[in-house]
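Have the sequence and the 3D view open while you read.

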Amino acid sequence: MKKYLLSLAVCILTLLILIPFSALAGETTMEAPVLNSPTLKEANKAYLIEVTYPIPDNIKSLNASNRAAVHVQAEVRVNGGAWKQLSTNFNLDGNYKITPKDVSTGAIIDIKAAQYETRARFAYNRTGEQFSAYSEFSPIVSIGTPAFYSDTSAWAKPDMDKAANMGLIPDCLKGADMTKSITRAEFAAVAVKLYESLSGQKAVPIAQNPFTDTTDAEVLKAYNLSIVSGVGGNKFEPNTLLDREQAAAMLTRVYKKVNWEGWTLKDEATYTKYKLDYAGVPAFSDDMNISDWAKPSVYFMAKNNIIKGIGGNSFAPKNITPAEVATGYANATREVALVIAVHTVENLK
């Protein structure tokens, strides 16, 4: 019996020795950090993002023991990208710092054009042993502004930045690839933003929807402002791509709505109080391809340096040949729409 009890005691002692320290120290119930909102600070002519957090009592107790040292393991991602680990050895001092080079190519990223998200967890190592344990990750906190496009051409970027600062980028285009062709519904949303910028007034949708193929609020606002019309049969075709002459005409309507008292698209043919001034503008080499209804708008925009040709004195008003349709030769792109919206604010406000 004594031999049995001795064997049992040895087994129990062995099990206690083998039980992970985590089960004895209670670290499986370690609280996750709760991060405060990050702040942007300047140091040595560079920016640092500082994140602070309170230290729970059980973490303080664990760190004070002779068996373990508690650290903070932090991760960060930029503009919704992959999580990247900053360090496994931040000291337990209630804060850690992020610099852009930790998560990118080393270049400083404008905090106004990038969103940094971070999360952290407590980690500890038993002294002198290869054993680690972790708390859960904290809730995510962020600082900065998400990038307002996924891609844009180098020539368009300065005006794209202006468009963002002017509030001309509608929600439907935020984070989009701006090099892609723009749809009728997307352009309507840009036109509404332009109207609100020029007029200082908020646009409202028309009360009774005239279309059977869209309920888009921005389309209904643009229709109510006489900026857009349908294509017939109570249709708007929101996903149809817009061409360059249509873009010029729609933005010219914004100008008319803001500046021409009593003007409406319905009464445009009989409206005589004001006229577009485009005298003296040389004709584009493809003038014969510009629709008659669009020519006043195209040349008015050209005279005011709002919209230009595509090179070789061509305007590329619309796709004509099957090859042009296939390549989108005359399609207005999202970046073109926003660039000319910016130029309209700058040159006609």
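Glu-245 counts as buried, at 2% relative accessibility (buried means under 20% relative accessible area, exposed over 50%, partly exposed in between, with a 1.4 Å probe and protein chains only). This is a predicted model, in which local features need pLDDT of at least 70 and side-chain atom pairs count only at pLDDT 80 or more, while totals for chains, interfaces and linings use all residues. Residues are numbered from 1 along each chain as its sequence is written, and side-chain values use heavy atoms, with hydrogens and water left out.

**Around Glu-245**
- Glu-245 is part of helix H7 (helices are DSSP runs of H or I with at least four residues, strands are runs of E with at least two, and both are numbered from the N terminus).
- Setting aside neighbours within four places in sequence, Glu-245 is in contact with several residues, including Asn-289, Trp-293, Val-298 and Lys-318 (contact means heavy atoms within 4.5 Å).

**Where H7 meets H8**
- The axes of H7 and H8 come within 8 Å and cross at roughly 75° (axes are lines fitted to C-alpha atoms, for helices over the stretch in contact, and angles run from 0 to 180 degrees between N-to-C directions).
- That makes H7 roughly perpendicular to H8 (65 to 115 degrees; under 35 is roughly parallel, over 145 roughly antiparallel, and the rest oblique).
- On the H7 side, the residues making the contact include Glu-245, Leu-251 and Tyr-255, and on the H8 side they include Val-298 and Phe-300.

**Aromatic rings**
- What describes a pair of aromatic rings? The distance of the centres and the angle of the planes do.
- Tyr-255 and Phe-300 form a tilted pair, 5.0 Å centre to centre with 40° between the planes (rings of Phe, Tyr and Trp, the last by its six-membered ring, pair if their centres lie within 6.5 Å; planes under 30 degrees apart are stacked, over 60 edge-to-face, and the rest tilted).
- Tyr-255 sits in H7 (residues 244-259) and Phe-300 in H8 (residues 295-303), so this pair ties together parts 45 residues apart in sequence.
- Tyr-255 is buried at 16% relative accessible area, and Phe-300 is buried too, at 4%.

**The whole chain**
- The chain has ten helices and ten strands.
- Of its 349 residues, 43% count as buried.
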